[in-house]
Structure formats: C-alpha cells, structure tokens
Amino acid sequence: MEARGIFQIILLLLLGKRSWAEIRYSIPEEVKDGTVVGNIAKDLGLDVSSLVDRRFRVVSESKEALFEVNQHNGVLYVHKRIDRDESCQGSGACLFELKIIVENPLEIHYVIIEITDVNDHSPSFFEKEQTFEIAEHTLPGKRFKLHAAHDPDTGMNTIRAYTLTANEHFEVDIRQSDEDKIPFLVLKKSLDRELKAKHSLLVTAVDGGKPPRSGTLNVTIVVLDSNDNRPMFSQDTYQITISENIPIGTSIFKMNGLDPDEGINGVIEYSLAKALNRNMYSVFEIEKLTGVIRVKGKVDYEENDIYKLDIEAADRGTPPLTGECRVIIKIRDINDNLPEIVVTSLSNTVPEDSKPGTVISLISVKDKDSGHNSKIISTITNDVPFELKPSYKENIFSVVTKGYLDREEVPHYEITIKATDCGEPPLSTVVSLHIQIADVNDNSPHFEKNPLEFYLTENNAAGNSIFFVSATDKDINDNAAISYNIVREGQQNDIMSFLNINSENGQISALRSFDFEMLKSFHFQVVASDGGSPPLSSNVTVKVFILDENDNAPVILYPVSSNGSAEGVEEIPRNMKAGDMVTKVRAYDADIGYNGWLLFSFGQVTDHSLFSLDRYTGQIRTLRSLTETDEAEHRLLIVVKDNGNVSLSATATVIVKLVEPKEAFAASDVKRAAKVDQEEDNVTFYLIITLGSVSLLFVISIIVLIAMQCSKSTQYTSKYLQDTNYDGTLCHSIQYRSGDKRYMLVGPRMSIGSTIVPGSHANTLVLPDRRHTSGEVRQKHINSCIYKTRVYS
C-alpha cells in the first residue's frame, strides 16, 4: 500500500495541477499524543468539508509518522511523542518538514515544525563519586579537577553552574573550555589531618531551565601527609599534527611530566581524563609509565579533524599528587595524488652539432594535492647529456643539452624524467622522452601543393593566426627541421607589412583585420628552409581569398536620415486607386551575395488594409482605392533586413498624408525643386573638398622628398624595411555616387590598424627605402579602401 501511495503521488505530481505554500509552526518536545499543532486547513485556506474527498493527508520524510492530520476538521496533531534530544542532536534549530497533499486538483503545501527544547533532562555525572587524597600541607589555591556533568538539553536548559555544600576548606571554580564548563575543586584553606582526616562534600550541577534541574556528585577528601610536590608539565597545552590513516599502534607524542620529589613520590603515572568524550578512548591511548600517546583506532580526517585530550599525571606519593595538561591533535590530509608530467613541446630530433644549452623540449609538472604535498622536485634520473632548466614560471622546465652530441657514437637517447612531490611519503611519476640524433642534409623542403589557396573570412581578429603552411623534408633530425619566412621583396608590401609568420610551425598571423569591401584577395610567397649546412629551401605561392561576412547593416537612402533616424513625408491624392505606387524606400548594403540581399517588410502600420510593401523592391503601393473615411495621415515603419546568417537591419518611417489632388501635385513640384538644389550644393561641396585634398597631398609630398634628400643615413644594407614601426600613413580612396554622378575622394589619413571613416582629409604613405646603393625615397600610394557598395534604388 505504501508503494502504491507513493506511485500515486508521483503520478499526480506529473499530471496534476501543482500548488505550493509554506507554513511554520513551533511546539515544545515531549507533548502528548494528539496535541494540536495547528489548524492547517484553516491556515491554508482549504474548504474543511472537501478534505475527505480531496484525500487530505500528510507526507513526512522521516521513517516514523510523528504527525498526522484530521481529515474532518483539518487539524494537524502530534501522532507520536517527540524527544528533541534524540531526533535533533546539537544546539541548532530542530526542524521537521512535512508535505500536506490534497487532490482534485493536486496541491502540495510545505509545513515546517520547529521542536523547541524543554528542560526534560537533569544534569548527570558518569560517576557518582570522586575521591581526592590531599596532603595536609597542601597550600591554599590548589585546584583539583572534578568530573564534569552532562546534560542532553540545549540552550538555556544546559548546565549553567556548579555549587558545593558549605564548608570552610573548599570552593568550586569553573573554567570555560570551548563550549564546556569544567569544574575544579579549589582549596581555599589548608587542611589539618589531626583535626579531620576525611571530608565529604556534595557537588551539584544546575541547568538553566525553569524550574532548574540538578545532579549531584559525592566528593570524598582524604587528608594525607608527606608528598608535597605534584607532577608538572612544561606547558598547559600541547599541539601536534598527524596525518589521517596513520597505522594503529603508532606513537604520536610523549608526555614530559616532571616531579622534583625523590623515590616513589617522583614516579609519574599518566592517564586520560575520565571526563573526555567516549569516542576519544577508542581512538587514542596513553602508556601509564612512559606517557607515550599511541593511536588505538582509525584516524579519519573526514570524521574529525581535531581531537582535544586532557592528560592527568599522578605521582605515587601518599597522597598522590596530580597535574593536568591538554594535548590538541590536528589531523592532516594525506598525500594521495601522484604528480603529473605534461610534455607541452618536444623536438624528437636534435642536430648532432647542437651546442650545449639547446632546448629540445618543454615540460610542465603539476600535483592535485595542496600545500607542501603539491611542491614538486623534477630530475633526470639516467646518465644522458641533457638537463632540466627551470623557466620563469614555477613547475615549467626546458630540457636542454648539457654536452656535445655525437651521432656516430650514440644515435638515440631515452631521457627519463622523474617528478617527486614533497609529501610524506613522497609520490613520484616517471616519463621517458625518445630523442633521435640528426644526420646530414640532402633533401630540400617540399610543399604538397603549389600554389596554396586559403579562404579567410573578413573581420578576422588582429594578431591571431589565420592559417598555416607546412612543408616536409625527407631528411631526419635537424636537417628536416624547417623554418618559414615570408618573401617580402617584390611583393605587395602594403599587405606584407600586416602579415607575420611563425618560423617554427608556419602559422601565419595577420596584424590587422581584413575587410572584404576593401580587399578581395592577395598573394605572397613563403620560403621554407631546412636546418642543414648549407641550408636548402623551396618557395610556395600563397593565394588568399577574402570571404564576405555580414558586417554591414543596411543603409537607408530614402527617406533621408535626419538626427539618426530616417523619416519622410509623402503626400498622395485621395483619388489614388488600388495598385498605385505611393513611394519607394531605397536602401543599400555594402556586403555582397546573401549578406547584401535586402528584404523590406512592415514593422508597424496603422492600416493593414490600405498599403502593401514589395519585399524585394521596397515599393509601397495602395491595396485599394482611397475613400473619404480613411484617416488623413498614416505612419508606416519599414524594416530593411539583409539575408546574412545573423541578419542586420535598419528602419525607416514614412508618413503618408492624404490630401486633395491639387494639393498633392503642388507639394510634389516643390519637393522636386528642393531636391535638385540640394544635389547641386552637394556636388559643389565635394569638388571643393577634393581639390583641397589633392593640393595638401602635393605639398606634403614635396616636403617629405626634401627631408629624405637631406638625410645622410646609409646604415641599412638590408633589402627589407629594417624598422617595422615606421612612421607612415595610408592613403585611402572612397567611391560614392550622388544622383547620376560618381565621385572619388582621397582620405582619410590613418595609422596601421585604424578604422576608415569616409569624409576625412587625405595623405600619402611615405616609406624610407635606405640602401647602400641608392639613397632615393620611394613613395607609394596605397589605394586600400575601395568601397564596393550595392545600391538598391
């Protein structure tokens, strides 16, 4: 039945209507069965008359049903007596979570019941009697540790004080240790055995309940003579640390108590205090005569990370004197993870003429442990002419040659690297590197294809690798170690200056982002040279084709943008018929293909029955004839989107006003005349800008030429540019169209990596070409910003 009920609840949770609410009640522990907790139906707002039909019930996560509900009146009551000290150990809140379920429809309500502590336990002592033997010459102030009482109650109901029957020789003092109160019997007046040889006292432990409860301990004081020195420790508290899983029987600490008495009065016997927690006796023990503390049971860090042992030292005098101290044992997590060796870079072949210090491999070591256990010592264990060199970063090493190599003597080496952590016990990992010694060079590097063709999407991240070239060499070792370089002489140096190649792996990176609208393709040559002597090399032509990416949003040409928004007003006569064109939204996209294919759609329209929009041409036409009842003004929001994978869009607003036929024709003539005047003004302005830019370019060119002629520097002999941080600018040309006329502007002046902003002033790129054979200045004009736009009109 129980399994069936659970199945029904799960089915209802999956198929039924779910509702949640949470109510909190508080009741004291130990209340009688049937005690009302609260009217849950009333608090939840449920209809009491429907509780039986809706199967009103309680579901608890505990094994025993401590609470039940009455389906007839909705009352939640106690079904079984609750002992808070058994159900919820500790001083925190004791909470029970119940689920109140009703069906048809299914509702689940959560009820939190807090069980408050009542003072139902009296303080008790593990041992009802305690006897002290005290010499009569013991000085006042001497402290004797009493058995501590225990009370399962919490909070205010736990032990608050210890009292002692009235007497003239002793009083009780309490020392607070962590959360415990430790009672001590303090001698306040010297004893006289001749007057009284035995004292009987009653120690009472009182809790804080209302009314308070108490427990008693019978203390017997036997007054003795002679022994006048008690054992002493060098300190009151000792602290040690041991690892978890330490073998049973292991000695972990030796007590060093001292007693200045002679003979039997100076012999010390050690014991664990009787007031300790019971589980400590199963984990640790102390030898009675030597004071050695040993592990008796399993030490588990996850169960307990610290133990506090109270040690008593008693001599054999009559009466025996005792001393106390505390040993705090901290548990340390053991070293249980092996170090890891990761070979991040390895050259399997090494030229036999390599000099000492040549790097052949990069390795990194790591250990999942923490602290001292994660510290790693790495060494090469076998006798090989290699050694480990630490890098600037911890646990990163280079394997380098420490002597000269001779392939004729040893053609192959196996390097054994050992990583050992600093744990106790230390753990180690070993890895082997296989190294071949290189032979002579008699084969040139070979490219699989020539030319190589690569396709690169525009807007690549500047500085990142864009592709790589790879060549092979039939030689072995250093003769097959190929390095790559870009041939820059006679190439498109404007493009080459933005390319960089990794000489070791052929990775080619671009120092700038390419724009398809500015550059469609380019090519260059890469030379691959092996490491032989003399080196052999071969060239490959690399052709790069830039692929378009949808990075340009559509631009609205009409209506004309004003203050960042495109908005136009069209006046049409009311006698227009169905199918007549109202206006045409014009837009263009600088991208090509699908990225530049524009589609028009209505974003918002006041009357869907009146206008239509051609999604390909942007023509707005009437769907029906206009009537006198149509509104005089209509606002049309046009959305223009391209067809890129991530579509970009722009919007334009067309306000259509319905006017009488004569007014519409007059407004059309005025607009047409204004447009012609505006186009003429724009043409004049652009011509002035163009003439000014050309003049400025000419003046700057003359100044630069004179400065270069005056320069006497002839220190550069390379046929390439020696300084990659040259002081130069790029001159860009921009094509645009206004009406039926096409113009070209030169601009803007930009540094390498800048963004092109049409409309700026222009300049030229002047690159110094300093050689021993010629002191001429080479001036190149780079037309790198040709915008190819697709205009929809």
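Student: Helices here are DSSP runs of H or I with at least four residues, and strands are runs of E with at least two, numbered from the N terminus. On that basis, how many helices and how many strands are there in the protein chain?

Tutor: The model is predicted, and the elements are assigned as DSSP runs. Counted in this way, the protein chain has six helices, and its strands number 53.

Student: What percentage of the contacts with a separation of 6 or more is accounted for by residues 24 or more positions apart?

Tutor: A contact here means heavy atoms within 4.5 Å. Among contacts in the protein chain with a separation of 6 or more, the share from residues 24 or more positions apart is 66%.

Student: What percentage of the residues of the protein chain count as buried?

Tutor: Buried means under 20% relative accessible area. The protein chain has 793 residues, and the share of them that counts as buried is 40%.

Student: Is C422 buried or exposed?

Tutor: The cut-off for buried is under 20% relative accessible area, and exposed means over 50%. Because C422 has 19% relative accessibility, this residue counts as buried.

Student: In which strand is T416 found?

Tutor: T416 counts as buried because its relative accessibility is 17%. Leaving aside residues up to four places away in sequence, T416 touches T379, I380, T381 and N382, and also V430, V431 and S432. The element that holds T416 spans residues 412-421 and is strand β28.

Student: Which side chain meets that of D310 in a salt bridge?

Tutor: D310 is buried, with a relative accessible area of 9%. The N to O distance in its salt bridge is 3.2 Å, and the partner side chain is that of K145.

Student: How many residues apart are D310 and K145?

Tutor: D310 and K145 meet through their side chains in a salt bridge. D310 is in strand β20 (residues 306-315) and K145 in strand β9 (residues 143-145), so that the pair links distant parts of the chain, and their separation in residues is 165.

Student: Where does K288, which meets E269 in a salt bridge, lie?

Tutor: The side chains of K288 and E269 meet with an N to O distance of 3.7 Å. E269 is in strand β17 (residues 268-272), so the pair ties together parts that are 19 residues apart in sequence, and K288 itself lies in the loop between β18 (284-286) and β19 (292-295).

Student: What is the N to O distance in the salt bridge of K389 and E387?

Tutor: K389 counts as partly exposed at 41% relative accessibility, and E387 also counts as partly exposed, at 28%. Their side chains meet in a salt bridge whose N to O distance is 3.8 Å.

Student: Which helix holds I706, one of the residues of a nonpolar surface patch?

Tutor: The patch, of about 490 Å², is made by F698, V699, I702 and I703 together with I706. The helix in which I706 lies covers residues 661-710 and is α6.

Key: Residues numbered from 1 in each chain as written. Predicted model: local features only at pLDDT ≥ 70, side-chain atom pairs only at ≥ 80, totals over all residues. Heavy atoms only, no water. Patch = residues over 30% accessible without salt bridge, like charges linked within 9 Å, V, L, I, M, F, W, Y side chains within 5 Å. Areas by Shrake-Rupley, 256 points an atom, 1.4 Å probe, with all protein chains shown as cover. Salt bridge = Lys/Arg side-chain N within 4 Å of Asp/Glu carboxyl O. Buried < 20%, exposed > 50% of the residue type's maximum accessible area, 1.4 Å probe, protein only.
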